[in-house]
Amino acid sequence: MRHKDEFHAAVAALAEQSHLSLSDPPPLSEIVNEYHSVCTARQEKGLPPGVLEMEDSVLISAAAGDDGLVAKGLVLASELAAKWPKSRLPLDWISADSWIEGLKAKAGDRDGLEKIISGQVLEHKLDGL
């Protein structure tokens, strides 16, 4: 019932909080750079590592075919992983090197990434976009 009245205020509040434009689609590089900024800020604040965010930044770049952003993400991931305390990493974490190698392998599997994307599009009923 209140949606019509409160919708615009909610949009304005979200736009104010967002580092990316909500009125125009931001370029991929801005989205990935924001992922990187968040991961770096988490590191600086002593928060749990942004493992999933780093993975997303690399795999989104790979799925889009932007090898430069993939390389940039892998460099940052390596730098951050070298500083992450073991006590704050996922329980299945083996080592920084094995994580980076696995991330490189996933990024290099463009067919696998396409299957994941296609599956997510279907699951979330986004095929009309």
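**Bridges, rings and a pocket**

R110 counts as partly exposed, at 33% relative accessibility. The model is predicted, so local features need pLDDT of at least 70 and side-chain atom pairs count only at pLDDT 80 or more, while totals for chains, interfaces and linings use all residues. Residues are numbered from 1 along each chain as its sequence is written, and side-chain values use heavy atoms, with hydrogens and water left out.

Stay with R110. Its side chain meets that of D67 in a salt bridge, at 2.6 Å from N to O. D67 sits in helix 4 and R110 in helix 6 (residues 110–123), so this pair ties together parts that are 43 residues apart in sequence. Helices here are DSSP runs of H or I with at least four residues, and are numbered from the N terminus. A salt bridge requires a side-chain nitrogen of Lys or Arg within 4 Å of a carboxyl oxygen of Asp or Glu. Side chains of opposite charge can pair when their charged atoms come close. D67 is partly exposed, at 49% relative accessibility.

The structure holds 2 salt bridges. E101 and K104 form one of them, with their closest N and O atoms 3.5 Å apart. Both residues lie in helix 5, 3 residues apart, which is about one turn of the helix. E101 is partly exposed, with a relative accessible area of 47%. K104 is partly exposed too, at 40%.

Now turn to the rings. A search of the whole structure finds 3 aromatic pairs. The ring centres of W84 and W93 are 6.0 Å apart and the planes stand at 70 degrees, so this pair is edge-to-face. The criteria cover the rings of Phe, Tyr and Trp (its six-membered ring): centres must lie within 6.5 Å, and planes under 30 degrees apart count as stacked, over 60 as edge-to-face and the rest as tilted. W84 is buried, with a relative accessible area of 7%. W93 is buried as well, at 13%.

W84 also pairs with W99. That pair is tilted, at 5.4 Å centre to centre and 55 degrees between the planes. It links distant parts of the chain: W84 is in the loop between helix 4 (67–81) and helix 5 (96–108), and W99 is in helix 5, 15 residues apart. W99 is buried, with a relative accessible area of 10%. W84, W93 and W99 together form one aromatic cluster.

Which residues touch the most other members of the largest nonpolar core? They are M54, W84 and W99, among the 20 residues of that core. Helix 3, helix 4 and helix 5 each supply at least two of the core residues. Helix 4 gives the most, with 6 residues. Such a core is a set of buried Ala, Val, Leu, Ile, Met, Phe, Trp, Tyr and Cys residues joined through side-chain atoms within 4.5 Å.

Next comes the largest pocket. About 160 Å³ of space lies in it. E55, D56, L59, I60, A63, L113, I116 and I117 form its lining. Helix 3 (51–63) and helix 6 are the elements that give two or more residues to this lining. Helix 3 gives the most, with 5 residues. By type, the lining divides into 6 nonpolar, no polar and 2 charged residues. Here Ala, Val, Leu, Ile, Met, Phe, Trp, Tyr, Cys and Pro count as nonpolar, Asp, Glu, Lys and Arg as charged, and the others, Gly among them, as polar. A pocket is found on a 1 Å grid over the protein atoms alone, as an open set of points where a 1.4 Å probe fits, with protein on both sides within 12 Å along at least five of seven lines; lining residues have an atom within 4 Å of a point. Its volume is the space filled by probe spheres set on the points, which are joined across faces, edges and corners.

K4 is in helix 1 (residues 3–17). K4 is exposed, with a relative accessible area of 71%. The C-alpha atoms of K4 and I117 are separated by 33 Å, and the two residues are 113 apart along the chain. K125 lies in the segment after helix 6. Although K125 is not a glycine, its phi is positive, at about 55 degrees. K125 counts as exposed, at 71% relative accessibility.

Terms used:
Buried < 20%, exposed > 50% of the residue type's maximum accessible area, 1.4 Å probe, protein only.
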